[in-house]
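Biologist: I have not looked at this one before. Can you walk me through it?

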Amino acid sequence: MPWLPDLVTALFKRQRRKASRLQSRAWRIAGVYATISILWIVFSDQILTLFVSDQALLLRLSVYKGVGFVIFTSLLLLLMMRRTYGAIEAGYDNLKQHKQEIERGNRLYSALSHINQSIVAAADRQQLFDKVSQSLVNYGGFRMAWIGTVGEAQSVPEPLAWSGDGTSCINDIIQHSGHDARGINPWDKVINDGVSYVCNDVLFDPLSKLWRHEAIKQDLQSFTSLPLRLEGKVCGVLSVYANEPEFFCKRELSLLEEVAIDVSFGLESFRMANERYEAETTARQESQFSQAMLDSMPGIVYFYNEAGHFLRWNKNFETVSGYSHDEVAGMHPLQFFDDDEKRLLELAIARVFRDGEAAVEASFMAKNGSKVPYFFTGRSVRYKGQLCLAGVGINISDRIAAEDRIEQLAFYDPLTGLPNRRLMQDRLQHSIATGSRQRKYGALLFIDLDNFKTLNDTKGHNIGDNLLTMTAQRLNGCVREGDTVARFGGDEFVVILESLSDNVEQAVNNAEIAGEKILRAMSEPYPLQGEDYHGSASVGVSLYGDRDISAHELIRRADTAMYQAKRSGRNTLYFYDPAMQAVLEARLQMETDLRLALEEKQFCLYYQPQVDNEGNVVGAEALIRWMCPTKGLIPPGDFIPLAEEAGLIVPIGNWVLNAACRKLKAWENSALTSRLQLAVNVSARQFHQDDFVRQVLDAIATNNVRRGSLKLELTESLILDNVDSAVEKMNALGDAGVRFSMDDFGTGYSSLSYLTQLPLHQLKIDQSFVHKMLDRSVNAVIVQTIIGMANNLEIEVIAEGVETTEQFRFLKDLGCPLFQGYHFGKPVPEKEFEKALSSSPRATS
């Protein structure tokens, strides 16, 4: 009880002040008395002599005067002493009352301590109820206490535990409680309304009149009943009774409510323990059943997690591998395969955990070193609370042998070893169907060697065959695992690029990158008969993402594009679809314009205000815009992705940083803007530059920017690429007064543990949560959680995307201190921002 010493000290100080006032009053009374006495003695005789000349009479009057003065002063002294003793007695009574309150508080805290111990030690609900009711009586000083439960159809509680004097009248209390003018009894308030009921004097409580006689007989003069909750609903009632009226003051009620909360917590713990026990029993039975099922299945069956730890397997797994149960438990899945196949298995496992499923053929290696070809299928599943791979392996030795003989003859080119036209068409049709199902674009590249006929005719077919063989090898080195390189016939090759992207522009870009890589490979010298032969190729590209197109039509389109590439001068790439070609050309033109914009300083900054909960503008976010002379204003979403691909994001980011610092310096000259902060977004590539810290420090030093005015907004993924490096850079810049804000907070998938490592000053709630928080309660909970977490970590929080008054008020009620969004102002040029700031520094709330 940390408050007890302070309370006692306060009481003694109060008594000392009263004593001091009494002493001061006594001195004043004594002074007045002395003054009156002196004046009376000095002047009363003189006054008498003026009117009485007879000495005998004068003597008698002097005696009467003295007696009267003594009687008057005695009465005055009596009055003063009675008032003084009354004040002392009142102070004593007050001190006694405070002492009783302290003793009652001590008893309640003692009871609360024993109740908390009971919650930990109790084995079940009944034992908990018994200990709680006993603790309230034995340690809390209450006359009686009881606990009852209620069901869904009950309107009154059923007592389960009780302690103290007067327990014989519990049923009378429950069954004979009265109703108020609205027909509501105490249990309605506790059970239905979920609020406590307090009666500080049963003699005057209308709801206690039916059992008042029994209450007086048992010396029960005041009571309170409090709700107990389980899973948010009232499940019971805790009632305590005292043998004196006006017992339940605010502090006693607060402590008793804490008791009710602790008991509710104990009930919740019992519920969770029961559910856990039932779940464990069910899981054990299901495990036994599923193991029997696994052992009865043919082939090998297994489960392992992302770390490669085996969780379960069938008996046949041990029989085929030759390892015991304990040996398998300590092994990694890749240990059953040789080094040549481990990479294939790693990719297949990665696809399972990434895409949900995968299949692969590999040789399963037993303990004795023997290898057997197996067909493995895997699927990602949740097992015991963790993401796992569930796999099945089937022996395919006989099938492999037969298929190898057939496939080599029917589906592969004997010269290059590449898939032939027949196999290529089959794979292409399959890729078209897969791309349509997964809603991802693929591309077919038709490649023709330039001037191959001339080489073949002049150097001979053997030289031509060598060139074709080397070309096949180079093409295989230019594609990804899973892509297909095939020989279409003669000097024509086909490359199938699968799952490039679900975005058509990105798919075009990826296809272009692959085609350019192939063109460079084809342009490298070929060593033929001791001489270097310099060749080239023409490449036609056709994208696909629609099941309706056939493999034959796709090949025709790519072939048409290839001939267009030859007509365009050979050693080049051309897309069949004019729209795709237009996209490619437009992207190239925009990249050229973007470089020119950087040189000619066509960029500018827009500013969006950031305000506090009173609507006062405390800062702004600087947002880049491109003022193109021919196309007008271009928003960042249209050119920033291209800038990142073209490697221009770093110089553009540096321009924004320096422009923001110059603006901060200019703002220092105005009282209206001198204290504003300015937030600047930092890209991942810019942040990961080795000289990023130096660039920021140079911008700050060059413009002599005020400490704490520059704020850099970083994304969660940017920091998590390398947390240690990010912390080092942030600390270096933080020493120079730079503040950091976590942008789009709440949208990532990483652990929140990094928040304790990073020197962050602000969290920025993503606008996706703000927009939906009034429509979906889960978003409101997320926003409330972020605000509460930020407050606990002593990190500032700002909500972006605030567009309505309702959103603003809701966030204010949740305790959000800072806001940004269209409700307070859209991003505007610097002059318009400063004009709005000077004319209306407060936003509408």
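Modeller: What follows is a short tour, from the whole chain down to single residues. This is a predicted model, in which local features need pLDDT of at least 70 and side-chain atom pairs count only at pLDDT 80 or more, while totals for chains, interfaces and linings use all residues. Residues are numbered from 1 along each chain as its sequence is written, and side-chain values use heavy atoms, with hydrogens and water left out.

Biologist: How many helices and strands does the protein chain have?

Modeller: The protein chain has 27 helices and 27 strands.

Biologist: What about contacts between residues 24 or more positions apart?

Modeller: They account for 61% of the contacts in the protein chain with a separation of 6 or more. Contact means heavy atoms within 4.5 Å.

Biologist: Now some helix pairs. At what angle do H19 and H21 pack?

Modeller: Helix H19 (residues 649-667) and helix H21 (residues 692-703) pack at about 30°, and their axes are 9 Å apart. Axes are lines fitted to C-alpha atoms, for helices over the stretch in contact, and angles run from 0 to 180 degrees between N-to-C directions. H19 and H21 are therefore roughly parallel; the cut-off for that is under 35 degrees, with over 145 roughly antiparallel, 65 to 115 roughly perpendicular and the rest oblique.

Biologist: Which residues make the contact?

Modeller: H19 contributes Asn-654, Leu-657, Asn-658, Cys-661, Arg-662 and Lys-665, and H21 contributes Gln-695, Val-696, Ala-699, Ile-700 and Asn-703. By class, the contact of H19 with H21 has five nonpolar, four polar and two charged residues. Ala, Val, Leu, Ile, Met, Phe, Trp, Tyr, Cys and Pro count as nonpolar, Asp, Glu, Lys and Arg as charged, and the others, Gly among them, as polar.

Biologist: How about H14 and H15? Where do they meet?

Modeller: Thr-471, Arg-474 and Leu-475 of H14 meet Ile-518, Ala-521 and Met-522 of H15. The axes of H14 (residues 461-476) and H15 (residues 504-523) come within 10 Å and cross at roughly 145°. The residues of this contact divide into four nonpolar, one polar and one charged.

Biologist: Switching topic. Where is Ser-709, and is it buried or exposed?

Modeller: Ser-709 sits in the loop between H21 and strand E22 (710-715). At 1% relative accessibility, Ser-709 counts as buried.

Biologist: What does Ser-709 touch?

Modeller: Not counting residues up to four places away in sequence, Ser-709 touches Leu-664, Leu-676, Gln-677 and Leu-678. A polar atom of the Ser-709 side chain also lies 2.6 Å from the backbone oxygen of Arg-706.

Biologist: Which loop holds Glu-231?

Modeller: Glu-231 is in the loop between strand E4 (222-230) and strand E5 (233-242). Its phi is near 55°, a positive value in a residue other than glycine. Glu-231 counts as exposed, at 56% relative accessibility.

Biologist: And what is Arg-271 in contact with?

Modeller: Leaving aside neighbours within four places in sequence, Arg-271 is in contact with Leu-230 and Glu-231. Arg-271 is found in helix H7 and counts as buried at 19% relative accessibility.

Technical notes
Helices (H or I, at least four residues) and strands (E, at least two) are DSSP runs, numbered from the N terminus. Buried means under 20% relative accessible area, exposed over 50%, partly exposed in between (1.4 Å probe, protein chains only). A polar contact is a pair of N or O atoms within 3.5 Å; within protein, one must be able to donate a hydrogen and the other to accept it, and residues adjacent in sequence count only if both atoms are side-chain atoms.
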